[in-house]
Amino acid sequence: MNTDLGNYRKSYEKQELHEDNVSDNPLELFQKWFHEVDENFDVGETNAMTLSTLGLDGFPKSRVVLLKKFTHEGFIFYTNYNSEKGKAILNNPNVCLSFFWAAAERQVIIKGKAEKIADNLSDGYFESRPRGSQLGALVSQQSETIANRAILEERLQQLENEFEGKDIPRPEFWGGFIVKPSEIEFWQGRPNRLHDRLRYQLDNEYNWKLDRLSP
């Protein structure tokens, strides 16, 4: 197999990114970009992000998860704490998040530390999920090997019968993480590969340092 992708090229020409018209706080700029992309571009799921962790086997691994909330503190997503990514985070909380919004020619890369959110916050989000998603969280021992799909379907049927007419409790092994950023980079595609890259770095608990990076 030999597939040459050398001729895959695109000229980025839609927008610009300048230091003189961005917020001092990268979370405010993220909010601005997120809503601009969500309202003006067809990107599918604007909240889809790549989460990169360092696994227990020593290898980095990336996968797409969904951002469910962002605040002045950070970025929140939910998962099975016993999953491969959950175990990786609990072992090494240093993670990276990235958003690539191709239609807007924009990318955001976030470095930070992940930590569990409070149980009551995970409870509240779990209660807001569709019933099928609640049951799915109980059915799946995420990342574990299974013999076939029928096992999942049989387990789902058992749980549907068990919880018929009842509230479904959040399992202790399922909940949220918040990624508290220490560095956020905003990338805006520009012509001739001379892209705009602005990097914010937290230089103490409250102040962000802004630099332009060479493309």
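This is a short tour of a predicted model, stop by stop.

Before you start, note that residues are numbered from 1 along each chain as its sequence is written. Local features need pLDDT of at least 70, side-chain atom pairs count only at pLDDT 80 or more, totals for chains, interfaces and linings use all residues, and side-chain values use heavy atoms, with hydrogens and water left out.

**Stop 1: the main core.** Select Phe 30, Phe 75, Phe 77, Phe 99, Trp 101, Val 108 and Phe 186. These have the most contacts inside the largest nonpolar core, which has 31 residues. A nonpolar core is a set of buried Ala, Val, Leu, Ile, Met, Phe, Trp, Tyr and Cys residues joined through side-chain atoms within 4.5 Å. Buried means under 20% relative accessible area, exposed over 50%, and partly exposed in between (1.4 Å probe, protein chains only).

Now colour by element. Helices (H or I, at least four residues) and strands (E, at least two) are DSSP runs, numbered from the N terminus. Those supplying at least two residues each to this core include helix 1, strand 4 (75–80), strand 5 (94–101) and strand 7 (174–188). Helix 1 gives the most, with six residues.

Zoom in on Phe 30. Not counting residues up to four places away in sequence, Phe 30 touches Leu 67, Phe 70, Phe 75, Phe 99, Trp 101, Val 108 and Phe 186. Contact here means heavy atoms within 4.5 Å.

**Stop 2: helix 5.** Select residues 149–162. At the start of helix 5, a side-chain oxygen of Asn 148 comes within 3.1 Å of the backbone nitrogen of Ala 150.

**Stop 3: Thr 53.** Thr 53 sits in strand 1 (residues 48–54). Is Thr 53 buried or exposed? Thr 53 counts as buried, because its relative accessibility is 4%. Its side chain joins that of Arg 63 in a polar contact of 3.0 Å. A polar contact is a pair of N or O atoms within 3.5 Å; within protein, one must be able to donate a hydrogen and the other to accept it, and residues adjacent in sequence count only if both atoms are side-chain atoms.

**Stop 4: Glu 19.** Look in the segment before helix 1 (26–40). Glu 19 is partly exposed, at 35% relative accessible area. The Glu 19 side chain makes a polar contact with the side chain of Arg 212 (2.8 Å).
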